[in-house]
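Visitor: I'd like to learn how to read a fold one feature at a time. Could you walk me through an example?

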Amino acid sequence: MSAETTGVLGARLGTDLSVELQQNRPGMLARAAEAIASGGLNLEGFAEVDGTLHVLTADPRSARHALEAAGLRVSGERDVLVVRVEDRSGAAAEVFGRLAGAGVNVRHTYVASGHRIVIAADEPGKALGALQA
C-alpha cells in the first residue's frame with residue numbers, strides 16, 4: 001500500500017514537550033502560550049489533558065527555555081511523528097490502521113495546524129517507517 005492510499009501526504013519526526021501546569025486555574029494555558037510567543041515561536045500543535053500540556057513547535061529547545069523562563073516546568077521531551085494527512089473522511093483512520101498493522105503502540109495523539117496529526121508512539125522510528133512504506 002503506498003502513501004497515497006493511506007491518506008498520508010508527508011511524515012517526519014518532531015519533538016513533543018510535556019509541560020506540567022501546577023494549578024488547574026484560569027490563565028495557565030495563556031501563560032504557556034504567551035511564553036512560547038515571547039520566544040518568537042509559533043505554537044504548531046498542542047493538547048492539554050488533566051494538567052499536562054503537550055506542545056509542538058519548530059524549535060523545541062527555544063520553547064523549553066521560554067517555558068522555563070516563565071516559571072513553567074517542562075517534565076518531558078519525546079520524539080513524535082508529525083503526519084500531514086489528506087483533508088478527507090477516513091484519512092486519520094487509515095494512518096492509525098497502518099500503525100496498528102505494523103504493531104506500533106500509540107501513547108497519545110493530537111491535532112496540529114495544517115492538517116497534521118502528532119503521534120507519540122512507543123517506537124517512533126518504526127512508526128515513521130510504517131507510514132513511509
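Guide: Happy to. This is a predicted model, and we can start with Ala-35, which is found in helix α1, residues 28-38.

Visitor: Is Ala-35 buried or exposed?

Guide: The cut-off to keep in mind is that buried means under 20% relative accessible area. Ala-35 has a relative accessible area of 5%, so it is buried.

Visitor: Which residues is Ala-35 in contact with, leaving aside its neighbours within four places in sequence?

Guide: Those would be Ala-66, Leu-67 and Ala-70.

Visitor: What about contacts across the chain, then? What share comes from residues 24 or more positions apart?

Guide: Of the contacts with a separation of 6 or more, 71% are between residues 24 or more positions apart.

Visitor: You mentioned His-54. Why does His-54 count as buried?

Guide: Because its relative accessibility is 13%, and buried means under 20%. The side chain of His-54 also makes a polar contact, at 3.4 Å, with the side chain of His-108. Leaving aside neighbours within four places in sequence, the residues in contact with His-54 include Asp-16, Leu-17, Ser-18 and Tyr-110.

Visitor: On to helices. Which residues of α4 are buried?

Guide: The general idea first: an α-helix has 3.6 residues a turn, so residues three or four places apart point the same way. In α4 (residues 124-132), the buried ones are Pro-124, Ala-127, Leu-128, Ala-130 and Leu-131. Looking down the axis of α4, you find these buried residues within an arc of 160°, so they line one face of the helix.

Visitor: What covers the buried residues of α4?

Guide: The cover includes β1 (8-20), β4 (73-85), α3 (91-101) and β6 (116-121).

Visitor: And the largest nonpolar core: which of its residues touch the most other members?

Guide: It has 16 residues, and the ones touching the most other members are Leu-81, Val-83, Val-95, Leu-99, Ile-119 and Leu-131. At least two residues of this core come from each of β1, β4, α3, β6 and α4, and α4 gives the most, with 4 residues. Take Leu-99: beyond its neighbours within four places in sequence, it is in contact with Val-104, Val-106, Ile-119, Ala-127, Ala-130 and Leu-131. There is also a second, separate core of 14 residues, with Leu-21, Met-28, Leu-53 and Val-55 among them.

Visitor: Now zoom out. What pattern does the chain follow along the sequence?

Guide: With 4 helices and 6 strands, the chain reads β-α-β-β-α-β-α-β-β-α.

Visitor: How does the radius of gyration read against a compact globule?

Guide: For 133 residues, a compact globule would have a value near 14 Å, and the chain's 15 Å agrees with that. Along the principal axes, the C-alpha atoms fill a box of roughly 45 × 25 × 25 Å. As for burial, 43% of the 133 residues count as buried.

Definitions and conventions: Residues numbered from 1 in each chain as written. Predicted model: local features only at pLDDT ≥ 70, side-chain atom pairs only at ≥ 80, totals over all residues. Heavy atoms only, no water. Buried < 20%, exposed > 50% of the residue type's maximum accessible area, 1.4 Å probe, protein only. Arc of directions from axis to C-beta. Contact = heavy atoms within 4.5 Å. Polar contact = N/O pair within 3.5 Å; in protein donor to acceptor, adjacent residues only side chain to side chain. Core = buried A, V, L, I, M, F, W, Y, C linked by side-chain atoms within 4.5 Å. Rg over C-alpha atoms; globule rule 2.2 N^0.38 Å.
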